[in-house]
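Here is a short report on one protein chain. The sequence and the model come first, then the reading.

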Amino acid sequence: MEYTNAKQAMKELTMALIYLSKFCERDRFSNANDFYAWKGYDFDVLNFLDEKDYIRQGNHPSRTKSVYITETGKEYAKSILEKYGISDWKSNTPQQTDEAGK
């Protein structure tokens with residue numbers, strides 16, 4: 001496994017968590033193209049991800065509670081999941097439970 005320093009891992013894993021906790025507003029999740037996530041993460045990391053155009057925080061980041069995940073962000077998140085051996089949602093729904101039903 002390749003070494004990743006803590007600062008880089010924090011950025012990557014935050015993006016992975018944003019992606020894994022995504023939700024959509026109006027569409028059925030399986031048909032949605034636009035996803036959002038709550039932004040309870042380190043502000044410096046969120047600003048970095050916004051600068052890279054992986055997410056968008058809107059015109060007033062301090063007032064918004066969610067971020068928009070861009071197409072670039074979706075692809076980046078999927079590459080991070082692959083790097084860390086984390087499987088994506090199989091049925092495209094974040095409410096999926098594991099095999100133990102937890």
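A polar contact is a pair of N or O atoms within 3.5 Å; within protein, one must be able to donate a hydrogen and the other to accept it. The model is predicted.

**Helix 2**

That definition applies at the start of helix 2, where a side-chain oxygen of D42 reaches to within 3.0 Å of the backbone nitrogen of D44. Helix 2 covers residues 43-51, and V45, L46 and L49 are buried in it. Seen down the helix axis, the buried residues fall within an arc of 100°, so they line one face of helix 2. An α-helix has 3.6 residues a turn, so residues three or four places apart point the same way.

What do the buried residues of helix 2 pack against? Their partners are helix 1 (6-20), strand 2 (55-56) and helix 3 (71-84). The face turned away from the buried side carries F43, D44 and E51, which are exposed. After helix 2 comes D53, with a positive phi near 65°.

**Q57**

Q57 sits in the loop between strand 2 and strand 3 (66-69). Is Q57 buried or exposed? Its relative accessible area is 4%. Buried means under 20%, so Q57 counts as buried.

| Q57 side chain to | Distance |
|---|---|
| side chain of K39 | 3.1 Å |
| backbone oxygen of L46 | 3.5 Å |

L46 is also one of the buried residues of helix 2. Leaving aside residues up to four places away in sequence, Q57 touches K39, L46, N47, D50, T64 and V67.

Three strands form an open sheet in the order 1-3-2, with antiparallel pairing. Strand 1 and strand 2 are the edge strands, each pairing on one side only. Helix 1 packs on this sheet and touches strand 1, strand 2 and strand 3. The direction of helix 1 makes about 90° with that of strand 3.

Strand 1 and strand 3 run antiparallel and are joined by four bridges. Across this pairing, F35 stands opposite I69, and W38 stands opposite S66.

Which side chains of strand 1 (residues 35-38) are buried? F35 and A37 are; they point to one face.

Conventions: Residues numbered from 1 in each chain as written. Predicted model: local features only at pLDDT ≥ 70, side-chain atom pairs only at ≥ 80, totals over all residues. Heavy atoms only, no water. Buried < 20%, exposed > 50% of the residue type's maximum accessible area, 1.4 Å probe, protein only. Helix = DSSP H or I, 4+ residues; strand = E, 2+ residues; numbered from the N terminus. Arc of directions from axis to C-beta. Contact = heavy atoms within 4.5 Å. Pairing = 2+ DSSP bridges. Axes fitted to C-alpha atoms, helices over the stretch in contact; angles between N-to-C directions.
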